[in-house]
Structure formats: C-alpha cells, structure tokens
Amino acid sequence: MSKFRVGLGVSGGIAAYKAVEVMRLLQKAACEVSVAMTRHATEFVQPLTFRALTGGHVIVDDYDPANPDPIAHIKFSQEIDLLLIVPATANIIGKFANGIADDFLSSTYLACTAQVMIAPAMNTTMWEQPATQRNIERLRADGVHFVEPVAGELACKTVGTGKLEDVENIVSQAMRLLSEPPASAGGPDVVTDWPAAYAAGSDLSGERFLITVGGTREAIDPVRFISNHSSGKMGFALAAAARDRGAEVTVVAGVTAAEPPKGVRVLRGISAEEMHSAVKGEIERATVFVGAAAVADYAPVNAADAKIKKEGKEQLTLELKKTPDILAEVSRNRTNGLLVVGFAAETSDVVGYARSKMEKKGLDMVVANDITREGAGFNTDTNIATILTRGGEAIDLPMMPKREMADRILDELVKLR
Ligand code: PMT
C-alpha cells in the first residue's frame, strides 16, 4: 500500500526533465504520484513520459475532454497529501502568490488543502528580482515550503543561484515534510517526535540541531571562485549521528562532495554570505548549533560581472574582505540554552589555537583537528581530533571513522546538557 499521495506539478523550465527522476524517487519511497503539468512544461517533457511511468492520466488542461473528471483540479487537489512543484518557474510562483488560477496547476494550488512544497529553478536575475522574492516571502507566510535553488552553471550558461536543487535532496525534504505531524498537532514551536522512524528511545530526542557543513565558494567572476577542500563528510556524519539519536536535524550545506544523509533537512548556502543568511533564518528554532563547515574567512570585495580576461595581465590582485563569522555571531546572540559547538582546522599548535577560539567566541565545545596528519581533516573518511569543552579536560580521539567520531562528539555534548 502507498505511504503518501503526492501531486507532482511540473512547470515550464529546462529543469522539467528532472521532475521525471523526482517522480521515480517518490515512487521508490512508496508514494503514489499523480502528475499535473503546465502547457509550457509540455514543451520540455511529454506528458506521455509521466503517463507511462505512473499509469495515470497527466492533467494539463481542465477543459481537455480526455480528463477522467469534469472538474479535475478539485479532485486532484483534494486527494493528495502533498503538492510538490518541480521545477517552479517565476511565473507559477507569481500566480500562486497572487491567487491567479488561469490554468490547471494554478487552480489546483488554489483548491489545495494539503501541504505545498516548491522547488524553484530559473535564471539568477529572475530569482533575485524583488518581485520573485516578494512572491516567495508571501508564499512562505502562507505556509508554503521551499527547497531553495542552488548556485551553479545554469542553462543560459551563466553561473549563479537558480539551479534546481539535487533531486535526491528535493525528495528527502518532501519525505521529511510528509512524515512530520501537521502543525495543528502541536504547532511549529512544539517539539514533535520527528522523525518517528529514528527517534525512539534516544538521548538527543527533543533537540533540534542546526549544522553547517562543507566548504563555501566565493565568486571572483562568473567562472572562478575561492574555496577549500571540505567534502562535508564530517558535518554529514554528525547530522546522521544526531538523527539516529533522535534529534531533528537541519544542515546548511555549502559545497559538498559527500551525500547528505536521509531524514535530515538540507538547506544550501554556497557562499559565506548565503550560509550566514540561511543560519540566521533557522537559528531561532535550534537547540544545538554546530559549525562543522569550512567557511571562507575572506571573499572578493566585488565579484566581477563578466569573466576577467587574462590577456596582458601577468599578475592579478584580488581585494578581499572578511566574511561574517557565523559561529561567533550565533554564540554572541544565543538565548534559551542553545549549545554552540565549533570546529578548528589547524596545522600547528592545534590545541592552543582551538582553546583560544573557544574562549574568544564563547563556545561550549571545540573539536580541533590537525589537518596535517594522515587520516585527519579534509575529505578523508576518518578523523583524528581533540575535544575541548568549557571547564573540561581535553579528550584526545585517535584515528576513527568520521561517523564514529560524530558519536564521540555527541557523547560529550550530552554531558554538557
Ligand atoms: O568536510 P570534511 O572534508 O569532512 O572535513 C572536515 C573539516 C576539516 C572541514 C572539519 O572537521 C573542520 O575542521 N571544520 C572547520 C574548518 C574551519 O574552517 O576551521 P576554522 O578554524 O577556520 O573556523 C573555526 C570555526 O568557525 C569553525 O567551526 C567554522 O565553521 C567557523 N567559522 C569560520 C569562519 C566563518 N566566517 N564563519 C564560521 O562560522
């Protein structure tokens, strides 16, 4: 029997083909998927593709005589647990935000009582337009969930934010939303038993973790950037360990090579600025903050709009500015018993520098790794670290898998509660 019924709405952008994969992944997660497309989406993907894979009629037009139901948008919208829009264009977002119902998908949204999740994809300028952002804010206020687009090379050959989030991540966020009890069962600020599958009898149940993961990418021009070697393995290992011990986990991920764990909410913050604003938007709900990301300390003062030409330049000087120190700011503004954990990636006097970071930033714990040691630090499956806690002895952890180290870190964190 199907676990959940998902209405998959596909609007007309180049990423429409990725909706096919989203549909397959939802089916693999035992969801029953029905598909609705805008007229423009059918220019990118044939309704037949979805029909063949779902075995159901794909609705594009309410007035199509082939529709199984004469008022299809009402039936479609009432028989789903989630309306998931992949990809969402600026146009469909605008219609949803303004109550315009001039086609099947926009009428379905207006008639829908289920939860709604939107995964936008569009050109960076369209994404950044105040009109688009206003519409998104309005929809958020109406209770709509967003899977934010990420930065990358777009179909129009520019580089910037607007690329559809990875399909696995979209599905994992959709499944998480479906598994949560509705807000009316406890209200958004009440600790729920999410995710029920992981939460039973564990020592972090009731905690809400916010973890920064991976490296950041600071644009020099549309082609080049400053970054580092962080893979996200350590941060994702912590996210998985906290999840398995009953915590609700949100990660803000920069650039990562590792896969995010299932059952964890993933937001993207590719540059230090983006990571900073994603953390600011989430920190109020958190009970534990972990800064596992390798955030660039400096970013170019002005990223060039066009590719910087190398002709006639033997040297190029970049002017850099300090990025916001996310960890220090979270620690400085903390309230309500928020625990704050930092990492320190050092190449000498590891414990000395880590301790001074802990004191300067007022942290509860620092995990110090000597990244010069084999089997420690960036992009390895293992780590070697020293845990420092406020008022406690330093705890040396020998080389071990990052997942095991994550549990050792959480063991110490539990003692601080
Ligand atoms: O991702 P992996 O490949 O698994 O590698 C793991 C890791 C080596 C990246 C990880 O274990 C680690 O050490 N992360 C922190 C690396 C780092 O940037 O250290 P730092 O000493 O520069 O920063 C200290 C702390 O401040 C960190 O918690 C960092 O997230 C935070 N910070 C730093 C700068 C900034 N602008 N904002 C921050 O929040």
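A cavity here is a set of grid points, taken over the protein atoms alone, where a 1.4 Å probe fits but cannot get out. The legends below describe a predicted model.

**View 1. Cavities of the predicted model.** By this rule the protein holds two cavities of 30 Å³ or more, and the largest cavity contains about 80 Å³ of space. Its lining includes Arg208, Phe209 and Leu210, together with Glu248, Val249 and Thr250, and strand 8 (208–213) and strand 11 (248–253) each supply at least two residues of that lining. Arg265, Glu282, Arg285 and Ala286 also line the largest cavity, whose lining comprises, by class, five charged, four nonpolar and one polar residue.

View 2. The ligand sits in the second largest pocket, where 28 residues surround it, the closest being Ser231, Gly291, Ala293, Lys357 and Asn379. By class, this shell has 13 nonpolar, nine polar and six charged residues. Helix 10 (233–244), helix 12 (326–332), strand 16 (339–346) and helix 13 (350–361) each provide at least two residues of the shell, and strand 16 gives the most, with four residues.

View 3. A polar side-chain atom of Lys357 lies 2.3 Å from an oxygen atom of the ligand, while for Ser230 a polar side-chain atom lies 2.6 Å from a ligand oxygen atom. Leu327 contributes through its backbone, with an N or O atom 2.9 Å from an oxygen atom of the ligand. Of the 770 Å² of accessible area that the ligand has on its own, the protein covers 95%.

Conventions:
Residues are numbered from 1 along each chain as its sequence is written. This is a predicted model: local features need pLDDT of at least 70, side-chain atom pairs count only at pLDDT 80 or more; totals for chains, interfaces and linings use all residues. Side-chain values use heavy atoms; hydrogens and water are left out. A residue is near a molecule or strand if one of its heavy atoms lies within 4 Å of it. A polar contact is a pair of N or O atoms within 3.5 Å; within protein, one must be able to donate a hydrogen and the other to accept it, and residues adjacent in sequence count only if both atoms are side-chain atoms. Accessible areas come from the Shrake-Rupley method with a 1.4 Å probe; for residues, only the protein chains shown count as cover. On a 1 Å grid over the protein atoms alone, a cavity is a set of points where a 1.4 Å probe fits but cannot get out, and a pocket is an open set with protein on both sides within 12 Å along at least five of seven lines; lining residues have an atom within 4 Å of a point. A molecule sits in a cavity or pocket if more than half of its atoms lie within 2 Å of its grid points. Ala, Val, Leu, Ile, Met, Phe, Trp, Tyr, Cys and Pro count as nonpolar, Asp, Glu, Lys and Arg as charged, and the others, Gly among them, as polar. Grid points are joined across faces, edges and corners, and a volume is the space filled by probe spheres set on the points.
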